[in-house]
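Biologist: I am new to reading protein models, and I would like to learn where the words come from. Could we go through one together?

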Number of protein chains: 2
Amino acid sequence: MKNIYFTPGPAELYPTFYQHLQTAMDEQIGSISHRSKQFRDIYRFADEQLRTLLSIPDSHGIFFTGSASEVWERVLFNCVEHESFHLVNGSFSQKFYDYAGALHKHAHVLNKPFGEGFDAADIDVPEYAELVCLTHNETSSGVQMKPAEMHKLKRKYPKKLFCVDMVSSAPYPDLDFSLIDSAFFSVQKAFGMPAGLGVWISNQACLEKAEYLQKSDSMTIGAHHTLPTLWKHYKDFETPATPNVLFIYLLGKIAEDFNRIGIDTIRKQTEEKARMLYKFLETSDTYEPFVKQERHRSQTVVVATTGRKSPADVISTAKAANMIVGSGYGKFKESQIRIANFPAVSADQVAALIEALKK
Amino acid sequence: MKNIYFTPGPAELYPTFYQHLQTAMDEQIGSISHRSKQFRDIYRFADEQLRTLLSIPDSHGIFFTGSASEVWERVLFNCVEHESFHLVNGSFSQKFYDYAGALHKHAHVLNKPFGEGFDAADIDVPEYAELVCLTHNETSSGVQMKPAEMHKLKRKYPKKLFCVDMVSSAPYPDLDFSLIDSAFFSVQKAFGMPAGLGVWISNQACLEKAEYLQKSDSMTIGAHHTLPTLWKHYKDFETPATPNVLFIYLLGKIAEDFNRIGIDTIRKQTEEKARMLYKFLETSDTYEPFVKQERHRSQTVVVATTGRKSPADVISTAKAANMIVGSGYGKFKESQIRIANFPAVSADQVAALIEALKK
């Protein structure tokens with residue numbers, strides 16, 4: 001019997017994935033040239049479907065990388081001459097900040113404790129910060145930052161570039177791309193695919209910054225997957241190097257499935273399932289939601305403290321019922337579990353998980 | 001009816017690929033955590049199989065990236081403080097050289113015309129070059145450099161780091177890894193997989209260089225997929241970021257299939273099929289082998305000039321017989337075709353292609 005993966009990525013594959021993969025194999029998508037019309041049509045299709053799904057305007061290009069972690073590096077290389085600014089409240093926002101240090105950028109940081117979230121009112125962006133790095137969903141702690149707060153912040157600092165890590169939440173957050181310059185995600189989270197593809201959405205302002213930095217003798221924007229090269233090839237729906245053609249095909253097909261359901265419905269379903277999970281945690285005499293402020297609770301990665309139960313036992317019990325729950329992140333393995341609430345799992349499956357957690 | 005892809009990558013999928021993919025889907029490899037024992041076992045297995053196949057000693061680690069093009073950048077970031085040296089005789093060796101320029105390295109170059117190859121006797125490595133960048137198989141022109149010539153060169157310059165691009169030939173070249181410090185390939189060529197995974201083999205000397213450079217305040221070795229981070233995680237068969245778990249699984253399985261056949265047999269079969277192709281080209285009154293020097297003729301990507309026939313017509317005729325032949329690279333589209341000779345195509349299929357090309 002197959003397991004249902006409630007892990008925060010890699011995660012349960014979206015139910016239609018298998019059929020799309022079979023079609024791809026039948027059509028020999030794994031063998032076609034990335035310089036062929038057939039590939040350009042695949043890229044164009046994925047681009048159109050993602051644009052519809054996430055309301056991405058023409059000002060932004062959609063590019064493919066090896067992973068979302070790669071984009072942390074690329075956006076810093078391409079959009080920061082001297083200074084970046086990071087909101088850090090968990091392991092993944094911390095890594096984004098650490099990448100800036102590794103590239104010798106002057107990285108400013110506003111820290112909050114693990115499990116707490118940010119609102120626009122908390123934040124003063126340093127004067128010379130060029131890029132503001134936000135994390136919509138901190139996968140390690142289950143904290144989200146509301147898009148409305150991000151938009152408010154950008155309105156206060158309209159001249160700065162804003163970049164949003166939405167790795168473990170896209171397509172859930174309703175970002176206004178007239179305000180957000182760059183955003184990125186990976187496909188092994190809410191898109192229900194295996195890992196191996198990053199998606200980078202970025203606008204003309206980011207491109208112009210990269211082109212300006214590229215002229216400098218004293219710094220580099222990198223050599224691989226630079227914004228100017230990505231954009232140049234993107235105009236013809238091509239890529240500078242051979243990309244993961246198969247996964248781009250599959251992503252387009254799954255985005256099309258999402259569009260058939262409708263993004264509003266997907267968001268409502270996500271919220272409804274999250275409500276079920278948080279209600280269970282709040283009314284349980286064992287579990288508790290880890291994130292105290294309701295407005296900061298992630299809708300896509302629900303983190304629970306397991307109280308008098310050990311997380312290992314909870315995970316084992318769920319596994320016996322063929323449900324795989326994520327462990328707490330790092331040292332929180334000892335006191336927490338993480339439950340992914342992605343479109344691949346249905347409300348019925350969430351209800352079944354809740355029953356299993358009660359045992 | 002399915003096509004047979006004789007294209008130089010993406011290429012024909014290895015015949016066992018489909019069964020391995022089905023097993024991976026049955027075992028839900030696309031959903032497992034990259035921090036699980038199950039993933040570490042997959043990485044360890046791929047590592048063991050590649051080590052056996054390519055005779056890789058313990059001095060070298062095996063790492064995974066998004067593509068081989070990414071490795072061009074990574075090896076230059078991690079192993080070059082000031083100066084690199086490149087042998088350039090086609091579009092891909094040129095790109096490796098261009099990447100060095102984009103990273104503001106002082107890149108020395110020895111050029112040869114498209115279609116010509118290098119021998120050790122031709123080459124003086126500049127005094128201060130830290131990394132010697134060689135291309136075993138120039139995919140654009142069908143020229144190879146013999147491993148014996150690479151080994152000879154390294155013996156002449158033992159203190160310099162040697163890096164070999166074997167993107168479109170591995171596992172064919174019999175590299176002596178006691179002499180070659182670093183090498184890399186991608187899986188969509190001779191391993192018969194879809195594109196989306198790069199493999200980087202690199203030794204302790206490269207790691208030490210990266211660790212030394214990382215201490216500098218004035219330069220960066222990048223932030224993503226740095227050698228020190230890759231190596232640190234590799235010790236536990238993990239990766240710094242979420243890798244393409246599914247493709248690592250599939251690569252291990254295909255490498256195991258290759259090992260069952262035996263690398264000597266695979267190399268002999270490759271040479272036998274190459275002999276068939278070159279013999280046909282030499283005796284044809286239409287086609288000619290593009291590479292004049294026999295010792296420089298690639299065994300894995302055979303480039304032919306099509307004489308009085310137009311390449312477009314040749315490609316169409318082959319396609320009508322369900323055989324997909326590669327076009328010439330860049331401006332050579334007008335006069336050449338490229339035929340990949342990877343393990344996924346059998347001697348019988350090569351014979352059938354030759355018959356179709358005769359028409």
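Biologist: Leaving aside its neighbours within four places in sequence, which residues is B:Asp257 in contact with?

Modeller: B:Asp257 is in contact with B:Tyr14, B:Thr16 and B:His20, where contact means heavy atoms within 4.5 Å. Before we go on, this is a predicted model: local features need pLDDT of at least 70, side-chain atom pairs count only at pLDDT 80 or more, and totals for chains, interfaces and linings use all residues. Residues are numbered from 1 along each chain as its sequence is written, chains are lettered from A and ligands numbered from 1 in the order in which they are written, and side-chain values use heavy atoms, with hydrogens and water left out.

Biologist: Why does B:Asp257 count as buried?

Modeller: Buried means under 20% relative accessible area, exposed over 50%, and partly exposed in between (1.4 Å probe, protein chains only). B:Asp257 has 8% relative accessibility, so it counts as buried.

Biologist: What makes the link of A:Glu73 and B:Arg74 a salt bridge?

Modeller: A salt bridge is a side-chain nitrogen of Lys or Arg within 4 Å of a carboxyl oxygen of Asp or Glu. The N to O distance for A:Glu73 and B:Arg74 is 3.0 Å, so the pair passes. Between chain A and chain B the count is two salt bridges, along with 20 residue pairs in polar contact, both residues at pLDDT 80 or more.

Biologist: How much area do chain A and chain B bury between them?

Modeller: About 3800 Å², with 56% of it on carbon and sulfur atoms. Buried area is the accessible area (1.4 Å probe) that two parts lose on being put together, summed over both. Each chain brings 52 residues to the contact.

Biologist: Which domains does the assignment give for chain A?

Modeller: Domain 1 is 4–11 + 263–358 and domain 2 is 17–260; such bounds come from an automatic or database domain assignment. Their centres, taken over C-alpha atoms, are 26 Å apart. The two domains of chain A bury about 2300 Å² between them, and carbon and sulfur atoms give 58% of that.

Biologist: How many salt bridges does the rule find across that domain interface?

Modeller: Two. Elsewhere in our list of salt bridges, the side chains of A:Asp119 and A:Arg295 meet at 2.6 Å, N to O.

Technical notes. Polar contact = N/O pair within 3.5 Å; in protein donor to acceptor, adjacent residues only side chain to side chain.
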